[in-house]
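Subject: Structure for you to look at

Hello,

Please find the structure below, with the sequence. My notes on what was found in it follow.

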Amino acid sequence: MSRIVRPYGDTTGDGMVQLSFTLPVPHDKRAEGAALQLAAKMGLDGAMLVHAKPIGEGYTFFVVYGASTHLVNLDEVKVVEKDYPHMSPKEVNDAIRERLGRKLCVVGACIGTDAHTVGIDAILNIKGVAGEKGLEYYRELRVVNLGAQVAVPDLVNRAVDEEADAVLVSQVVTQKDAHLHNTREMAAAFREALPPGKRPLLVVGGPRFDEGAANDLGVDRIFTRGTTPSDVASYLVHRLVTMKTAPLKDPV
């Protein structure tokens with residue numbers, strides 16, 4: 001089976017892709033020509049302009065359609081593999097109760113100026129997302145949801161006061177890489193406030209994060225699109241319970 005692939009549009013291997021972007025120019029014929037020039041420089045063959053609309057004074061939004069001249073080698077694709085078993089709510093609760101002997105504390109927030117709580121609420125609130133209950137549903141988890149626009153020092157202080165085992169942070173605002181700056185600030189603040197053995201597990205999530213950037217950002221795990229509450233709960237138990245406790249039975 002070939003490991004080299006091209007995008008699929010109308011027929012297999014035709015390379016057709018659709019691309020949207022904004023240029024800081026007023027909408028006119030010259031702007032449309034500029035959009036097609038950009039598409040050609042990005043490797044789209046025979047690009048067609050299928051949509052152009054002004055979105056404010058001096059700005060135009062474009063959608064172009066054309067054939068990509070580039071190939072993808074699947075053998076060179078790098079991803080972060082799931083390194084923990086998926087667990088049901090019952091399995092999560094049982095593991096915490098039997099191995100930890102107390103409730104596991106999770107503090108969550110949106111930090112900086114980020115006021116988008118949809119992501120953190122989907123993971124923490126009992127109503128959950130995608131047919132799954134949030135972490136508040138788990139009997140052996142104690143969840144503290146601080147909500148939106150939480151200053152990093154306030155997050156650190158609350159995590160210390162709650163003796164948090166894990167801190168979950170959602171970042172949706174990404175203009176000028178705000179999500180990266182905020183995450184690095186948070187990680188540095190926890191390093192300064194607590195010694196290595198006392199720091200909570202730091203987990204961030206959002207649609208624009210790169211899962212492979214955890215070490216660079218100073219956090220333990222990054223979750224991206226499609227993450228469910230059970231994904232997060234399973235990871236927390238794996239890192240904070242399973243990996244830190246001895247087996248229930250002696251190995252045979």
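Helix H2 covers residues 89-100 in this predicted model. Its 12 residues, at 1.5 Å a residue, should span 16 Å, and the end C-alpha atoms are 16 Å apart, so expectation and model agree. The buried residues of H2 are Val92, Asn93, Asp94, Ala95 and Ile96. They pack against strand S6 (104-109), strand S7 (141-145) and helix H7 (229-242). Just after H2, Gly101 has a positive phi of about 80°.

Asp94 also belongs to a network of salt bridges, together with Lys90, Arg97 and Glu140. The count of salt bridges comes to 10.

- Asp83 and Arg221 meet through their side chains at 3.2 Å, N to O. This pair links distant parts of the chain: Asp83 is in the loop between strand S5 (72-73) and H2, Arg221 is in strand S10 (residues 221-223), and they are 138 residues apart. Arg221 has a relative accessible area of 9%, so this residue counts as buried.
- Glu162 and Arg158 form a salt bridge with the closest N and O atoms 2.9 Å apart. The two are four residues apart in helix H4 (residues 152-162), which means about one helical turn between them. An α-helix has 3.6 residues a turn, so residues three or four places apart point the same way. Glu162 is buried at 18% relative accessible area, whereas Arg158 is partly exposed at 33%.
- Arg239 and Asp220 form a salt bridge, the closest N and O atoms being 3.9 Å apart. Arg239 is in helix H7 and Asp220 in the loop between helix H6 (214-217) and S10, 19 residues apart. Both count as partly exposed: Arg239 has a relative accessibility of 25% and Asp220 one of 32%.

Next, the sheet. Three strands form an open, antiparallel sheet in the order S2-S4-S3. Strand S2 (16-23) and strand S3 (44-54) are the edge strands, each pairing on one side only. Neighbouring strands are turned by 20° against each other on average, direction ignored. S3 is joined to strand S4 (residues 60-68) by eight bridges, and Ala52 stands opposite Phe62 in S4. Helix H1 (residues 29-41) lies across S2, S3 and S4 and runs at about 140° to S3.

Thr113 sits between S6 and helix H3 (118-124). With a relative accessible area of 64%, Thr113 is exposed. Its C-alpha atom is 25 Å from that of Gly212, 99 residues apart along the chain.

Regards

Key
Residues numbered from 1 in each chain as written. Predicted model: local features only at pLDDT ≥ 70, side-chain atom pairs only at ≥ 80, totals over all residues. Heavy atoms only, no water. Expected span 1.5 Å × (residues − 1). Buried < 20%, exposed > 50% of the residue type's maximum accessible area, 1.4 Å probe, protein only. Contact = heavy atoms within 4.5 Å. Pairing = 2+ DSSP bridges. Axes fitted to C-alpha atoms, helices over the stretch in contact; angles between N-to-C directions. Salt bridge = Lys/Arg side-chain N within 4 Å of Asp/Glu carboxyl O.
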